[in-house]
Amino acid sequence: MKSLALSLLFLGLLGSHAAAASTKPNLIAILADDLGWADLSAYGNKYNETPNIDRLAQQGMRFTQAYSGPVCSPTRANLQSGQDQARFGITQHIPGHRRPYAKMIDPVVASHLPLEVETFAEQIGAAGYRTGYFGKWHLGGAGFSPTDQGWQTALEIQGNTVPLAVSGGTEPRRMAEFLTEKAVAFIESAKGQPFLLQVSHYAVHIPLSTTPALLKKYQDRKPMPGYPSNPQYAGLLEELDQSVGKIVETVDRLGLGENTLIVFISDNGGLEHEQSGRVVTSNQPLRGEKGCLYEGGIRTPAVVRWTGKVPAKTTSDTPIITMDWHPTLTALAGASAKKSQPKDGVSLASLIMNPRASLSRDTLTWHLPHYHHSTPASAIRRGDWKLIEFFEDGRLELYNLANDLGEKNNLARREPARAKELQAALATWRQKVGAQMPVPNPQYDPARASELGKGAPSSRKKAL
């Protein structure tokens with residue numbers, strides 16, 4: 001009898017353990033490329049159609065003050081690591097570009113995310129999850145790919161159309177649809193094991209293209225006053241939206257909605273101008289675009305859904321940033337973090353369950369010591385106050401975002417003590433993370449300052 005009782009107890013404990021393992025939440029992160037804060041109909045756009053993302057927001061929580069890095073690789077680095085990208089020198093897109101006659105020589109951009117950095121995929125995979133990554137990576141080449149950073153199944157690919165060599169077909173395929181098929185197949189293959197999935201779209205990155213049907217649909221549509229209303233941009237965005245819809249439909253069809261967190265975010269603010277100068281979107285009422293530290297470059301859409309856990313039809317005005325998703329996902333997965341690894345992001349687990357919850361943080365920082373769509377600068381937001389420090393001339397710009405969302409009224413002279421305090425905090429933070437700084441350029445030529453250089457960006461090492 002005693003032996004039978006012990007056996008039953010053992011089987012009971014084993015069953016409880018299996019049940020606990022099966023209730024670990026599935027985690028899905030969908031990352032858009034260059035999608036601006038004002039592009040989605042859930043954020044007020046009247047020209048673009050994004051019914052699936054809008055539905056996701058209705059079924060969950062929409063953030064009004066979500067932030068990213070100002071360009072793609074920095075955001076991807078802080079998302080994977082939970083650390084500020086300045087720690088790795090990934091403060092510009094990899095490999096960056098050079099302006100040999102600009103007023104300052106900007107730092108050389110690191111070529112990859114260091115392998116010693118534990119990504120959330122590595123930590124969550126070690127907690128018993130299947131991990132899958134599909135789409136744009138932009139954090140290093142051979143030896144530094146997703147499969148080298150904890151993603152067990154991965155397809156690294158970018159562009160808005162799929163190369164025939166990859167698709168195996170005879171006709172060009174749309175990338176958003178192709179990535180969706182990979183994501184759906186991954187979800188369907190999980191079969192009871194908890195999974196972590198990241199789908200990193202190339203949409204809505206230039207060069208713009210879309211299907212003939214979607215192009216005609218938006219060409220026939222009445223433009224939205226004050227918005228560029230570009231048919232190619234809107235069509236490509238709808239392709240992205242259709243992908244979100246199919247992924248969510250798969251989750252619900254398999255009965256996984258109550259055990260799956262879905263996160264939809266963007267890697268930086270919208271790119272308003274193509275290289276040709278053609279205007280393709282607008283971030284208004286925000287100022288600026290991708291590649292600058294005004295709100296238009298760093299404030300992005302963010303939506304989360306977890307049926308029965310994240311309250312439906314809720315909005316959060318709490319400032320968050322992409323590096324927060326690393327500690328959030330690892331915490332929800334019950335994963336162990338590397339104790340020696342710095343933690344710059346904070347977990348949003350309590351916030352997404354309760355929009356009234358507060359975070360133990362009131363300050364966000366950014367570092368863009370490069371020429372992109374602005375000049376080298378750093379920025380800090382503390383509460384509703386935001387300071388931008390420009391390195392070419394030491395200029396300070398101070399804004400109260402609660403009263404001046406469009407950053408039109410520089411209050412640095414009116415609030416000199418506040419500006420000085422935030423500037424000092426910014427300098428202390430840069431020193432803490434080892435942020436690289438630009439230096440004066442002895443070859444500075446005002447007439448050629450905007451000229452892009454030729455050759456590899458690494459040649460700047462010789463100039464330094």
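1. In this predicted model, the lining of the second largest pocket is made up, by class, of seven nonpolar, two polar and seven charged residues. The volume of the second largest pocket is about 280 Å³, and, of the 16 residues that line this pocket, those closest to its centre are Thr-363, Leu-364, Thr-365, Trp-429 and Lys-432.

2. The largest pocket holds about 480 Å³ of space, and, among the 17 residues that line it, the closest to its centre are His-93, His-97, Gln-275, His-372 and His-373. When the lining of the largest pocket is divided by class, four residues are nonpolar, eight are polar and five are charged.

3. Two packed helices are described by the angle between their axes and the distance between the axes. For helix α6 (residues 175-189) and helix α8 (residues 231-253), the axes come within 9 Å and cross at roughly 15°. Because angles under 35 degrees count as roughly parallel, α6 is described as roughly parallel to α8. The crossing in which α6 passes α8 is right-handed.

4. Which residues of α6 and α8 meet? On the side of α6 they are Ala-176, Thr-180, Ala-183, Val-184, Ile-187 and Glu-188, while on the side of α8 they are Glu-239, Leu-240, Ser-243, Lys-246, Ile-247, Thr-250, Val-251 and Arg-253. Taken by class, the residues of this contact between α6 and α8 divide into seven nonpolar, three polar and four charged.

5. Some details of the backbone deserve a separate look. Most residues other than glycine have a negative phi, and most peptide bonds are trans. In this model, however, a cis peptide bond joins Ile-206 and Pro-207, with omega at about 0°, and Pro-207 has its place in the loop between β8 (195-200) and α7 (212-219). Another cis peptide bond joins Gln-284 and Pro-285, where omega is about 15°, and Pro-285 is found in the loop between β9 (260-266) and α9 (295-298).

6. Where does Asp-34 lie? Asp-34 is in the loop between β1 (26-32) and α2 (51-59), and the phi of Asp-34 is near 65°, which is a positive value in a residue other than glycine.

Terms used:
Residues numbered from 1 in each chain as written. Predicted model: local features only at pLDDT ≥ 70, side-chain atom pairs only at ≥ 80, totals over all residues. Heavy atoms only, no water. 1 Å grid on protein atoms, 1.4 Å probe; cavity = no way out; pocket = protein on both sides within 12 Å on 5 of 7 lines; lining within 4 Å. Points joined across faces, edges and corners; volume = space filled by probe spheres on them. Nonpolar A, V, L, I, M, F, W, Y, C, P; charged D, E, K, R; others polar. Axes fitted to C-alpha atoms, helices over the stretch in contact; angles between N-to-C directions. Helix = DSSP H or I, 4+ residues; strand = E, 2+ residues; numbered from the N terminus. Parallel < 35°, antiparallel > 145°, perpendicular 65-115°, else oblique. Left-handed = near helix turned anticlockwise from the far one by under 90°. Contact = heavy atoms within 4.5 Å.
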